[in-house]
Amino acid sequence: MTDATDQVTLSHDGQSYELPVIVGSQDERAVDIRKLRSASGLITLDDGYGNTGSCTSAVTYVDGEKGVLKYRGYTIEVLATKSSFVETAYLLIFGELPTSSQLNEFRGLLTQHEFIHEDMRHHFDGFPPNSPPMAILSAMINAVGCFQPDFMQPEDDEHFMEPAARLMSKIRTIAAASYRKSIGKPMIYPRSKLRYTENFLHMMFSKPYEPYEADETVVAALDRLLILHADHEQNCSTSTVRMVASSRANLYASVAAGVCALWGPLHGGANVAVIEMLSELQQSGEPLERFIARVKKKGSSTRLMGFGHRVYKNFDPRARILKNACHRMLDKLGVHDPLLELALRLEEVALSDSYFVERHLYPNVDYYSGIIMRAIGIPTNMFTVLFAIGRLPGWIAHWREVHTNENARIDRPRQIYVGPNVREYVPIDERG
Ligand code: CMC
């Protein structure tokens with residue numbers, strides 16, 4: 001939406017340039033610099049894109065100052081208490097909450113596509129033991145695409161439900177199979193009667209002759225966790241998916257790239273890093289104040305993992321929901337996790353320290369999610385894979401937004417070159 005009456009005047013080198021202001025549906029404002037270079041020769045520079053809008057999007061809204069997160073206009077608090085992961089996925093991908101018949105159709109497709117091609121089982125054998133599950137996941141998403149060439153480039157918007165469900169269903173089967181492979185156990189086939197989250201737990205934890213009976217509390221907690229991870233506007237992995245999609249790459253290739261971006265410890269990998277940090281603190285017995293002093297030291301490479309966020313300068317609403325859910329779930333299951341006690345004390349120490357207060361560093365989604373996953377029995381090296389399963393509907397929604405945007409162009413940022421100027425080529429035997 002453009003407000004033609006609102007504009008910014010930029011002066012440089014004795015010239016002025018009028019730049020239009022774009023206004024979003026929540027009144028966010030952006031200076032439209034698309035014509036700036038052709039008019040003035042200037043580009044803008046914003047390392048890490050901290051102040052750059054890379055697109056307009058109708059999927060998710062975040063207000064970092066107020067701690068607000070909405071998917072397609074519905075607050076995360078409402079969705080986390082009233083919706084299911086599958087319904088939320090539908091909402092994100094198709095823009096509206098489904099009717100019962102649409103939800104049933106979507107569920108039916110998730111069930112229909114839950115198996116992976118038998119030949120794909122051999123691909124798992126090619127990975128050495130202890131391969132990182134995120135590496136397996138990314139590779140296998142591209143592999144699964146090779147078995148479904150017709151669905152790689154679903155241009156037909158009307159029939160998008162099938163490719164979306166197919167990928168969502170298969171990622172869950174691949175994730176569970178990669179875990180089974182990593183512990184040297186046979187892959188468990190999905191059971192069509194089970195719902196999405198329960199089926200995943202079954203494929204992770206059943207034994208060949210002893211089906212895993214999932215506790216309702218556990219299923220509900222995992223479903224909520226997936227809802228909370230389902231989208232988060234232009235984060236690193238989603239921007240990666242959009243960038244790859246902008247080259248007209250297929251859905252599988254774009255999502256496989258997103259998995260790799262999510263893997264890093266500053267992004268989705270932080271949920272693993274939080275548990276490692278808490279476990280080390282527990283084992284070493286280092287006083288929390290001393291640990292915080294190490295974190296604060298100028299030039300320190302130690303960070304308080306699970307704290308801070310590029311956009312949230314207030315409590316991450318997902319962390320607030322997870323903190324409460326964590327207490328409730330552990331109480332209900334009768335689990336006592338000393339890492340939760342430690343996490344609470346560490347949060348208290350950090351939030352009463354001016355370093356964190358001045359920099360607006362609060363717990364983010366990854367601070368408490370690992371404790372919930374531990375209580376469910378998910379092994380630490382699968383935490384980021386769970387994040388990927390949760391984030392998939394968001395990635396699919398953004399891929400679709402790019403592909404259905406008639407005005408979309410390939411993403412191609414510019415740069416300011418700071419390397420050497422013209423140099424004389426010296427033959428190798430004359431180099432000093
Ligand atoms: N511990 C200690 N100091 C921190 C932390 C932290 N977790 N996060 C930021 N800071 C400091 C940082 O050192 C800098 O201080 P100074 O101004 O003195 O140089 C200041 O706060 C601003 O930090 P930044 O690195 O410029 O902030 P950013 O917006 O580039 O980074 C972040 C955001 C999430 C990568 C960062 O806060 C971080 O590394 N957090 C820990 C990793 C983590 O929990 N990541 C999960 C993010 S939420 C889920 C997701 O997106 O995947």
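**Close-up views of a predicted model**

Arg 166 is buried, with a relative accessible area of 10%. This value, like the others in these legends, comes from a predicted model.

**View A. The salt bridge between Arg 166 and Glu 162 in helix α7****.** The side chains of the two residues meet with an N to O distance of 3.8 Å. Both belong to helix α7 (residues 161–182), and because they are four residues apart there, about one helical turn separates them. Whereas Arg 166 is buried, Glu 162 is partly exposed, at a relative accessible area of 25%.

**View B. The salt bridge between Lys 296 and Asp 353****.** The side chains of Lys 296 and Asp 353 come together at 2.9 Å, N to O. This pair links distant parts of the chain, 57 residues apart: Lys 296 lies in helix α13 (residues 288–296), and Asp 353 in the loop between α15 (338–351) and α16 (354–358). Lys 296 is partly exposed, with 32% relative accessible area; Asp 353 is buried, with 14%.

**View C. The salt-bridge network of Asp 6, Asp 27 and Arg 29****.** In the bridge between Arg 29 and Asp 6, the closest N and O atoms are 2.7 Å apart. Arg 29 lies in strand β3 (residues 29–31) and Asp 6 in strand β1, so the pair ties together parts that are 23 residues apart in sequence. Both partners are partly exposed, Arg 29 with a relative accessible area of 49% and Asp 6 with 23%. The model as a whole contains 12 salt bridges.

**View D. A nonpolar surface patch formed by Val 8, Val 31 and Ile 33****.** Together, the three residues have about 190 Å² of accessible area. Val 8 is located in strand β1 (residues 2–12). With 31% relative accessibility, Val 8 counts as partly exposed.

View E. A side-chain N or O atom of His 267 lies 2.6 Å from an oxygen atom of the ligand. A polar side-chain atom of Asn 364 is 2.9 Å from a ligand oxygen atom, and a backbone N or O atom of Leu 266 is 2.9 Å from a ligand nitrogen atom. Taken alone, the ligand exposes 930 Å², of which the protein buries 74%.

Conventions:
Residues are numbered from 1 along each chain as its sequence is written. This is a predicted model: local features need pLDDT of at least 70, side-chain atom pairs count only at pLDDT 80 or more; totals for chains, interfaces and linings use all residues. Side-chain values use heavy atoms; hydrogens and water are left out. A polar contact is a pair of N or O atoms within 3.5 Å; within protein, one must be able to donate a hydrogen and the other to accept it, and residues adjacent in sequence count only if both atoms are side-chain atoms. Accessible areas come from the Shrake-Rupley method with a 1.4 Å probe; for residues, only the protein chains shown count as cover. Patches are made of residues with over 30% relative accessible area and no salt bridge: like charges are joined within 9 Å, nonpolar side chains (Val, Leu, Ile, Met, Phe, Trp, Tyr) within 5 Å. A salt bridge is a side-chain nitrogen of Lys or Arg within 4 Å of a carboxyl oxygen of Asp or Glu. Helices (H or I, at least four residues) and strands (E, at least two) are DSSP runs, numbered from the N terminus. Buried means under 20% relative accessible area, exposed over 50%, partly exposed in between (1.4 Å probe, protein chains only).
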